[in-house]
Amino acid sequence: VTVHLVGAGPGDPGLITVRGLDLLRQADAVVYDELAAPELLDEVPADALQISRAGMRQPQIDELLVSLGRTFETVVRLKGGDPFLFGRGREEVDALAAAGVDYEVVPGVSALTAVPAAAGIPLTHRGLSAQVTVITARSAADDDLDFDSLAAAAGTLVIFMGVARLGELVEALVAAGKDPATPAAVVSSGTTDRELTVAGRLDEIGELAAGLPSPALTVIGPTAAFAATVTEPIYAAVTTRPS
Ligand SMILES: C[S@@+](CC[C@H](N)C(=O)[O-])C[C@H]1O[C@@H](n2cnc3c(N)ncnc32)[C@H](O)[C@@H]1O
């Protein structure tokens, strides 16, 4: 009996790993995140239990996984992107380990790299960005964000989960000394046919991105200027660069 924490990839169902897909096809029970591509559930055997985690709090999910792990042979916990990147994967693993239930982590293609890449943004383009800083803008640790060091950091800043608070974050970055003319881009529903990218200067990105649907990822730094330069996007329905 094993509970497999499987990374579903960033949105396109084709971006799950081979191992992840194999496990889905053998699953007795699947607990899935909203962010996982719905098409992946078509791969699950018809008689398997399918449970959405929507509306559940983390302790409930942990308990559910433990109880399913004690009941079924193959349980898949399908998580958006990679299970361990802003995914609370370790919390679920700890709960399983504490209950003596075997687990496995199957890494996934994270939005961190996949979403910018699909939108034409090379996070570490040689000569432009030798370091990447990754933050989330909606977490218990929010107040711990150190805007002075974020503003001073070279390279590329990637912000998860921040569109609603993007204007506020940008103001704090600029107040801490970040150049307001720094290129910035926001990609919504990356790697899906709903992908939408807006790009512009840092000091206008909050306004440009207002109203973009979730999920969305923000990229700030010289490499963000590559957004909207994908001449033949494989996903994007629309890619815009407002002036
Ligand atoms: C709870 S985090 C999960 C991240 C996930 N574990 C990963 O590795 O991609 C959810 C956030 O990831 C980002 N995200 C996930 N999928 C995305 C997509 N297809 N397009 C844009 N952003 C995405 C958004 O910032 C979203 O709010």
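Buried, for a residue, means under 20% relative accessible area. Thr156 has a relative accessible area of 1%, so Thr156 is buried. Keep that cut-off in mind as you look around this predicted model.

**Around the ligand**

- The ligand has 18 residues around it, and those that come nearest are Pro10, Leu85, Ser110, Met161 and Ala216.
- Pro10 has a backbone N or O atom 2.7 Å from a nitrogen atom of the ligand.
- With Met161, a backbone N or O atom sits 2.8 Å from an oxygen atom of the ligand. Ala216 also brings a backbone N or O atom to an oxygen atom of the ligand, at 2.7 Å.
- How much of the ligand does the protein bury? Taken alone, the ligand exposes 570 Å², and the protein buries 89% of that.

**The nonpolar cores**

- The largest nonpolar core has 21 residues. Those touching the most other members are Leu157, Ile159, Leu166, Val186, Ile205 and Ile220.
- Which elements give two or more residues to this core? They are α5 (147-152), β7, α6 (166-175), β8 (183-188), α7 (202-209) and β10.
- Helix α6 gives the largest share of the core, with four residues.
- There is also a second, separate core of 17 residues, and Ala8, Leu21, Leu41 and Val44 are among them.
- Setting aside neighbours within four places in sequence, Ile159 is in contact with Ile135, Ala137, Leu166, Leu169, Ala216, Leu217, Thr218 and Ile220.

**Thr156 and Ser129**

- Thr156 lies in strand β7, which covers residues 156-160. Ser129, in turn, is in the loop between α4 and β6 (132-136).
- What links the two side chains? The side chain of Thr156 makes a polar contact with that of Ser129, at 2.8 Å.
- Ser129 has a relative accessible area of 6%, so Ser129 is buried as well.
- Not counting residues up to four places away in sequence, Thr156 touches Leu123, Ser129, Gln131, Val132, Thr133, Val219, Ile220 and Thr223.
- Counted that way too, Ser129 touches Leu123, Thr124, Gly155, Thr156 and Thr223.

- Most residues other than glycine have a negative phi, and most peptide bonds are trans.
- Ser189 is not a glycine, yet Ser189 has a positive phi of about 50°. You'll find Ser189 in the loop between β8 and β9 (196-201).
- Is Ser189 buried or exposed? Ser189 is at 8% relative accessible area, so Ser189 is buried.
- Thr191 is another residue other than glycine with a positive phi, near 65°. Thr191 is found in the loop between β8 and β9.
- The relative accessibility of Thr191 is 2%, so Thr191 counts as buried.
- The peptide bond from Ser214 to Pro215 is cis, with omega near -5°. Pro215 lies in the loop between α7 and β10.

- Glu91 is in helix α3, residues 89-98. Its relative accessibility is 39%, so Glu91 counts as partly exposed.
- Leaving out residues up to four places away in sequence, Glu91 touches Gln58 and Asp62.
- For a sense of distance, Glu91 and Ala164 are 73 residues apart in sequence and 26 Å apart in space, C-alpha to C-alpha.
- Gly206 sits in helix α7. Apart from residues up to four places away in sequence, Gly206 touches Leu166 and Gly167.
- From Gly206 to Pro222 is 16 residues in sequence and 17 Å in space, C-alpha to C-alpha.

Note on methods. Residues are numbered from 1 along each chain as its sequence is written. This is a predicted model: local features need pLDDT of at least 70, side-chain atom pairs count only at pLDDT 80 or more; totals for chains, interfaces and linings use all residues. Side-chain values use heavy atoms; hydrogens and water are left out. A residue is near a molecule or strand if one of its heavy atoms lies within 4 Å of it. A polar contact is a pair of N or O atoms within 3.5 Å; within protein, one must be able to donate a hydrogen and the other to accept it, and residues adjacent in sequence count only if both atoms are side-chain atoms. Accessible areas come from the Shrake-Rupley method with a 1.4 Å probe; for residues, only the protein chains shown count as cover. Buried means under 20% relative accessible area, exposed over 50%, partly exposed in between (1.4 Å probe, protein chains only). Contact means heavy atoms within 4.5 Å. A nonpolar core is a set of buried Ala, Val, Leu, Ile, Met, Phe, Trp, Tyr and Cys residues joined through side-chain atoms within 4.5 Å.
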